[in-house]
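The following exercises concern a single protein model. Please study the sequence and the structure before reading each solution.

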Amino acid sequence: MAWFIDEVAQRVRAAARQVPDQERDALRRAVQAAPAPREFYRALTPSPQRPIGVIGEIRSLDGNPAPAPEYIEAFTEALSGGGAAAISVTAPVIPGGLGLPALRRARAIGVGPLLYRDVTVSAVQLLRARAAGADAVSLTPRILSDVELEALVERARSLGMEPCLEVESESDITRAIGCAARVVVADSRSVTDYPQLFEQLPYTCVRVVRRGVRSPRDVFTAARHGAGCVIVGRALLETDDPVGLVAP
């Protein structure tokens with residue numbers, strides 16, 4: 001997966017350099033006209049009543065066509081009404097990603113808060129996400145220089161969005177701490193990997209796990225290993241009871 005993300009990052013950087021000033025200006029106006037961002041960090045913060053939260057990711061299964069708009073709306077409403085702490089939408093460059101149109105639909109029907117997961121390497125992407133209704137965005141330290149990471153974190157915050165740092169190593173954790181990240185996502189396939197990463201984080205940081213969460217039992221296992229939230233995507237489309245999987 002690392003080589004794939006690196007390749008996508010190169011393409012996205014090249015495309016961002018070609019965005020004309022007129023489009024950037026139009027995006028800034030769209031951001032000003034967009035509904036105000038909602039509090040993402042607080043929605044994820046664990047409590048005695050909800051020791052771990054679930055972020056429900058709306059997506060298509062790899063290789064399958066994107067779901068119909070009405071299905072996306074019904075599915076998103078069900079997850080939000082069923083107790084999901086937040087909703088995640090992925091960019092088309094990520095397998096299964098539905099992109100900004102799905103993000104706009106989710107914002108229009110009033111669910112939230114909303115995380116937009118993308119291979120983010122430019123401020124233009126942040127403007128597009130905020131204009132479409134995102135309350136939080138993902139950043140991957142491994143594909144960003146220190147200067148890029150700091151600039152994108154600051155820009156996201158200036159737009160009212162929570163930067164969620166997706167980490168894979170102790171080096172990523174160190175950089176996340178340096179950026180005063182409040183939400184850190186461990187991209188790990190193994191339950192034994194992320195506890196070691198989480199140990200270094202301040203207690204105020206919300207620890208999120210993605211990958212490998214396919215049942216309520218996996219959710220509780222993540223909680224026992226220090227997670228305050230999990231992202232569940234594919235499993236929601238494969239289960240007969242998606243609401244039961246995200247229910248607190």
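The model is a predicted one.

**Exercise 1.** Describe the lining of the second largest pocket.

Solution. Step 1: the second largest pocket holds about 230 Å³ of space. Step 2: its lining comprises 14 residues, and those nearest its centre are Val-12, Val-93, Asp-118, Gln-125 and Arg-128. Step 3: the elements giving two or more residues to this lining are α1 (2-17), α5 (99-108) and α6 (123-131), and α1 gives the most, with three residues. Step 4: by class, the lining residues divide into nine nonpolar, three polar and two charged.

**Exercise 2.** Determine how strand β1 is placed in the structure.

Solution. Step 1: six of the six residues of β1 (residues 53-58) are buried, so the strand is largely enclosed by the rest of the structure. Step 2: Gly-53, Ile-55 and Glu-57 point one way, while Val-54, Gly-56 and Ile-58 point the other way. In a regular strand the side chains alternate between the two faces of the sheet. Step 3: four bridges join β1 in parallel to β8 (residues 229-232), where Val-230 is the bridge partner of Val-54. Step 4: four bridges also join β1 in parallel to β2 (residues 86-90), where Val-89 stands opposite Ile-58.

**Exercise 3.** Decide whether Glu-199 is buried or exposed.

Solution. Step 1: Glu-199 lies in the loop between α9 (194-198) and β7 (206-210). Step 2: exposed means over 50% relative accessible area. Step 3: the relative accessible area of Glu-199 is 67%, so Glu-199 is exposed.

Technical notes: Residues are numbered from 1 along each chain as its sequence is written. This is a predicted model: local features need pLDDT of at least 70, side-chain atom pairs count only at pLDDT 80 or more; totals for chains, interfaces and linings use all residues. Side-chain values use heavy atoms; hydrogens and water are left out. Buried means under 20% relative accessible area, exposed over 50%, partly exposed in between (1.4 Å probe, protein chains only). Two strands pair if DSSP finds at least two bridges between them. On a 1 Å grid over the protein atoms alone, a cavity is a set of points where a 1.4 Å probe fits but cannot get out, and a pocket is an open set with protein on both sides within 12 Å along at least five of seven lines; lining residues have an atom within 4 Å of a point. Grid points are joined across faces, edges and corners, and a volume is the space filled by probe spheres set on the points. Ala, Val, Leu, Ile, Met, Phe, Trp, Tyr, Cys and Pro count as nonpolar, Asp, Glu, Lys and Arg as charged, and the others, Gly among them, as polar.
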